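Trainee: I am new to this structure. Please take me through a single part of it closely.

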Amino acid sequence: MTKRSLYDLYMAAAAAVREHDATCTTCSPTDRCATGRRLYGELVRLQNDYLTRLRAKKGTP
């Protein structure tokens, strides 16, 4: 099994949030169900990690 890159994990998390948002009847843009909060939190964490890595590669703050 090949290790997935941070970018791949980030994109998979974004897809999971989009899929959940499309099917969940209780989530809204301002209020999320427990599953929606978990998925969105994971997306935010991976996005921050990915952007931090990009900035470190470029040498920008």
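Trainee: Which residues make up the largest nonpolar core? Please also look closely at helix α2.

Mentor: This is a predicted model. Start with the core. Its nine residues are L6, Y10, A13, A14, V17, L39, L43, L46 and Y50. The largest share, five residues, comes from α1.

Now take α2 itself. The helix covers residues 34–58, 25 residues in all. From first C-alpha to last, α2 reaches 36 Å, close to the 36 Å expected at 1.5 Å a residue. Just after the helix, G59 takes a positive phi of about 75°.

Look at the buried side next. G36, L39, L43, L46 and Y50 are buried in α2. The buried residues of α2 pack against α1, residues 6–23. Take L46 as a case. Beyond its neighbours within four places in sequence, L46 touches L6, L9, Y10 and A13.

Then come the charged residues. E42, R45 and D49 are linked in a network of salt bridges. R45 pairs with E42, with the closest N and O atoms 2.7 Å apart. These two sit three residues apart in α2, so about one helical turn separates them. D49 also bridges to R45, at 3.1 Å between the closest N and O atoms. D49 and R45 are four residues apart in α2, again about one turn. An α-helix has 3.6 residues a turn, so residues three or four places apart point the same way.

How exposed is this network? R45 is partly exposed at 39% relative accessibility. E42 is partly exposed at 34%, and D49 is partly exposed at 34%.

Definitions and conventions: Residues are numbered from 1 along each chain as its sequence is written. This is a predicted model: local features need pLDDT of at least 70, side-chain atom pairs count only at pLDDT 80 or more; totals for chains, interfaces and linings use all residues. Side-chain values use heavy atoms; hydrogens and water are left out. The expected span of a helix is 1.5 Å times one less than its number of residues. Buried means under 20% relative accessible area, exposed over 50%, partly exposed in between (1.4 Å probe, protein chains only). Contact means heavy atoms within 4.5 Å. A nonpolar core is a set of buried Ala, Val, Leu, Ile, Met, Phe, Trp, Tyr and Cys residues joined through side-chain atoms within 4.5 Å. A salt bridge is a side-chain nitrogen of Lys or Arg within 4 Å of a carboxyl oxygen of Asp or Glu.
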